[in-house]
Structures are given as C-alpha cells and as structure tokens.
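How does one read the features of a protein model one at a time? The dialogue below takes each feature in general terms and then in a single case.

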Amino acid sequence: MAGGSGTRLWPLSRKKYPKQFLALTGDDKSTMLQQTIKRLDGLNTLPISLICNDDHRFIAAEQCRQIGQTQASIILEPVGRNTAPAIALAAFNAMAKFNPQAQQDDALLLVLAADHDMKDSAEFCKVVKHACPLALDNKLVTFGIVPKTPETGYGYIQQGEEVRVGASTGRKVAKFVEKPDLETAQTYLDSGDFFWNSGMFLFKASTYLNELEKHQPDIYNACKLAISKPTQDLDFVRIDADAFKACPDDSIDYAVMEPLCNAEGSSNAVVVPLDAGWSDVGGFAALWDVKQKDDNHNAFEGEVLATDTHNCLVMSEDKLVATVGVDNLVIINTKDSVLVAHKDKAQEVKAIVEQLKAQNRPEVDLHREVYRPWGSYDSIDNGERYQVKRISVKPGAKLSVQMHHHRAEHWIVVSGTALVTNGDKEIMLTENQSTYIPVGVVHALKNPGVLPLELIEVQSGSYLGEDDIVRFEDLYGRV
C-alpha cells in the first residue's frame, strides 16, 4: 500500500512526492518502497501488487523497474479511501489472477505499507512463514510489534488466549486500542499483554473478502464493482472511478478486525508477535531514532558543520547548514524550504502543512525538482514574467507534443542530443546549441541518444503556470 501523503515529514515529503518514494533510511539509497519490496527476498512470493494514487503512478513504476520488479501489478486509486478498500482491490485482483493448480485454495495476501522501516528482514520473513499456517486456516493475522518503550504515537493490540494451527501459534486479538497517553502506554508496557499495531496483515484473499462482505457490505460491493472491469493503461490497472468514489472511507481495523474481535466465540482475528526493528517512520522524531548517530546523538545528512550540538536531526539537500549550541532540534533544508522544530514538537508540522494549503502555496504539493515519466525538471530561478528550469530527459524518452498560450521558451542544450519539433521544423541540437519557441507554436522534445539529455529552459510571458499546456500527443497517456 503506497497511498499515504506523509505530511508529518514535510518539507521532505510532499503531496506529489510523499515519503514512501524517498530514500530516508538505510545505507544503499533505496527508497522506502524499494526497501519494502527487497524485504520480500526471503519469501516465496508472486510478483507484487502495488496500490497507489494516480498522481504517483510513474514514480511507482520507475522505482519498481529500478529494482527489477517489471511484473508488478500497479492498481491506481482515483481517490484515497483508506486501507479497507485498498486491500479489497488487491484481494479481488489476486482472486482473478489465482492459479487453481496451486496448493492453497486461493491467494495468500501479505499486506504491507510501503513506508515502514525494518532493521531485521530475516526475522521478518521467519515470522511471516511461521504465520502462514494460521492464515491458511482462515485466520486474519496481524503482526504485533513487541514494544520497547511506552510509545504514545502508535495504536496498541491486546492479546488474548493462544491460537494454534499445527506448529504455528498466535494469540487471539482481544481488542484494538487507540494511541494512549503516556501513563496508559506505560501500563500497557508493564502488563506484557499489548503490542504496537503495525498495520501489517496476512490472510487468504477469500477470507478477507468474506469478512468484509459480512461486516461492511457497502465497501465490498463498491470495490467489487470498481474492479470488475479493469482497464490496462501502460503498466497500470485502472478501476471504475465513479464506483470507487462511492465507496465508504474506512480502515481495515475498524471495518473488519474490530468486528471480528467483538464476534462471540470468534478466534479468527489473530496477532503474531514481531520483534524485527520495526518503525513506521511517522515523524521526524522517529526518523532521528532509526538513523545512525554520532557521539553527541546527532543524525546528520548532507553538508553539516556542528559545534556544541546534541540530539539533533539535521538534513540538508543543497547547501551547508551550521549549528552552534543547540539541542533536540530538527533542521531540514530542501531546495525551496527550511524547517526548524523542537524534536518533541515535530509532529505538529502538520499545522504548517495546513497553513500552506490555506494559502495555496506550491510547496505543499511539489518539491522544486519535479519528476515526470520522461525525466525531471528543476525550477532554478523565477521572477516577474520569467522562469528558468534545468530539464533532464532520460535516453529514448519524449515530452508530449504540446503548445502554450501565454509563454515562449528558449532551450539551450548543456549535454546530450535533443531532437526538437518546432512548428513545422524538426531539428537536431547538441551541446551549446539552442532554439526559440514562440507563443502558440506546437513543439516537442525527444532524447534520441543513449545518454541523459540536459538542457536549460528559459520561459518568458504573462503566465508561467504548469497548467498552461495543451497536449496533442503523449507517450504516457496524459492527453
């Protein structure tokens, strides 16, 4: 599931490029989505199914391609409707693809969020394998994180009596509880009967759908209708938008797991303990916690100079950040924004995001560098009636055939080769060559080479917004 917005990690995470697509943890520069997929290497799985927002489809596809997941099934949600409907789409999709010759009577689903960190992948795979017989016996298994501290940022699961299937054991879920205050969290920790709620699940697709139909028929019917006639769009599975928009918004905990707990005599909701260094990286304090630290308990990334600095998280994208005599701070520098927050108050960054939304500021949606299916662009300067961008086009990629009503453009090739359509002319440009595209002229740009194409674009005109684009042809279905 890769549909979150990660607002508590602004300005690193933005609506159009949220935290699951960022490289926040680990040493190999893999994104959180890629790390989640790699975590499955110790399991015998079919190609993954990925549920994501339509706006993120090209990012998700590219990140899957980078790690060899070319067979991934990417299901696009036209709107967000929480986890219960998202999992229903995956379950219906899995049932449709299921091979009846396999040993189990239908697909076994391992449900994961794309933005969690896990230090011990081997232990994670071991626990999942241990839980499989429970899931094959029609149990809905959730993985409870063995708590180390009285954490107030997580929901909790209370365990009940033991449930056993062959050599596999779990505990009946007695109840789910919301995020507690510190005193209550300490009592949970002391009792030994509670786990952190990880939001990870294992069950048969048919079992989940049967329980969903029983307890939330509106969600079941809306999702069944939405995915009954899927359409293939490049690498993506599109569902019926109107049917899915009519679906209620609900989490799997409220829609299915809690009703199971309350059902008299039911032992189908089972929790299996997991102790594998898990974190949901839900905010900057959690991000500081999972990062490597120096002798002063600081976690630095990028160019940072520090004197008399302790317990801080400092991340800089494009410039030197210097700190003197500070403690317990979060300092995040991106190309267009800087956040300074006390680590204990960092969760409240959501209030800043709400202010950005109220003011219709672009920083809430986009980074300065914006990724597109053909490459990326970075808005390096702008002012009255002009804007300058650095554009990078991947080998073989092509921007849409388009025109603008309000701006002219000047393209200067820095490196690589550009095949340019400029009105009725087609020209080839190489390093240090340029072309001018007047207002209203139909144009296109392609990289015909085997190396990335880098160019500078200077825009001038009365309106320079990204919505001043009329597309006539597009390789990526955006016309």
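What follows is a tutorial dialogue on a predicted model.

Q: How is a pair of aromatic rings described, and how many aromatic pairs does the structure hold?
A: A pair of aromatic rings is characterised by the distance of the centres and the angle of the planes. The structure holds eleven aromatic pairs. In one of them, the ring centres of Tyr156 and Tyr188 are 5.1 Å apart and the planes stand at 55°, so this pair is tilted. Planes count as stacked under 30 degrees and as edge-to-face over 60, and the rest are tilted.

Q: Where in the chain do Tyr156 and Tyr188 lie?
A: Tyr156 belongs to strand S6 (residues 156-165) and Tyr188 to helix H5 (residues 182-191). They are 32 residues apart, and the pair links distant parts of the chain.

Q: Is Tyr156 buried or exposed?
A: Tyr156 has a relative accessible area of 1% and is buried. Tyr188, with 14% relative accessibility, counts as buried.

Q: What kind of aromatic pair do Phe203 and Tyr208 form?
A: Phe203 and Tyr208 are stacked, with 5.0 Å from centre to centre and 10° between the planes. Both Phe203 and Tyr208 are buried.

Q: Which residues do ring pairs link into a cluster?
A: Tyr17, Phe21 and Tyr371 are linked in this way.

Q: Which charged end sits over the ring of Tyr377?
A: The charged end of Lys389 does, 3.9 Å from the centre of that ring. Trp288 has Lys343 over its face, at 3.7 Å from the ring centre.

Q: How are two packed helices described, and at what angle do the axes of H6 and H9 cross?
A: The description uses the angle between the axes and the distance between the axes. For helix H6 (residues 205-215) and helix H9 (residues 252-262), the axes come within 10 Å and cross at roughly 90°. H6 is therefore roughly perpendicular to H9.

Q: Which residues make the contact of H6 with H9?
A: H6 contributes Tyr208, Glu211, Leu212 and His215, while H9 contributes Ile252, Ala255, Val256, Pro259 and Leu260. By class, the residues of this contact are seven nonpolar, one polar and one charged.

Q: How many residues of helix H2 are buried?
A: Helix H2 (residues 57-66) has seven of its ten residues buried, so it is mostly covered, where buried means under 20% relative accessible area. The buried residues are Arg57, Phe58, Ile59, Ala60, Ala61, Gln63 and Cys64. They pack against helix H1 (32-38), strand S1 (49-53), strand S2 (73-77) and strand S10 (236-238). Gly68, which follows H2, has a positive phi near 80°.

Q: What does Gln387 touch?
A: Gln387 is in strand S21 (residues 386-393) and counts as buried at 13% relative accessibility. Leaving aside residues up to four places away in sequence, Gln387 touches Ser379, Asp381, Asn382, Glu457, Val458, Gln459 and Leu464.

Q: What is the phi of Asn311?
A: Asn311 has a positive phi of about 60°, although it is not a glycine. Asn311 lies in the loop between strand S14 (304-307) and strand S15 (313-316), and at 23% relative accessibility it counts as partly exposed.

Q: Is Asn360 buried or exposed?
A: Asn360 is exposed, with a relative accessible area of 70%. Its phi is positive as well, near 55°. Asn360 is in the loop between helix H11 (349-358) and strand S19 (369-372).

Conventions:
Residues numbered from 1 in each chain as written. Predicted model: local features only at pLDDT ≥ 70, side-chain atom pairs only at ≥ 80, totals over all residues. Heavy atoms only, no water. Phe/Tyr/Trp six-rings, centres within 6.5 Å; stacked < 30°, edge-to-face > 60°. Helix = DSSP H or I, 4+ residues; strand = E, 2+ residues; numbered from the N terminus. Buried < 20%, exposed > 50% of the residue type's maximum accessible area, 1.4 Å probe, protein only. Lys NZ or Arg CZ within 6 Å of the ring centre and 35° of its normal. Axes fitted to C-alpha atoms, helices over the stretch in contact; angles between N-to-C directions. Parallel < 35°, antiparallel > 145°, perpendicular 65-115°, else oblique. Contact = heavy atoms within 4.5 Å. Nonpolar A, V, L, I, M, F, W, Y, C, P; charged D, E, K, R; others polar.
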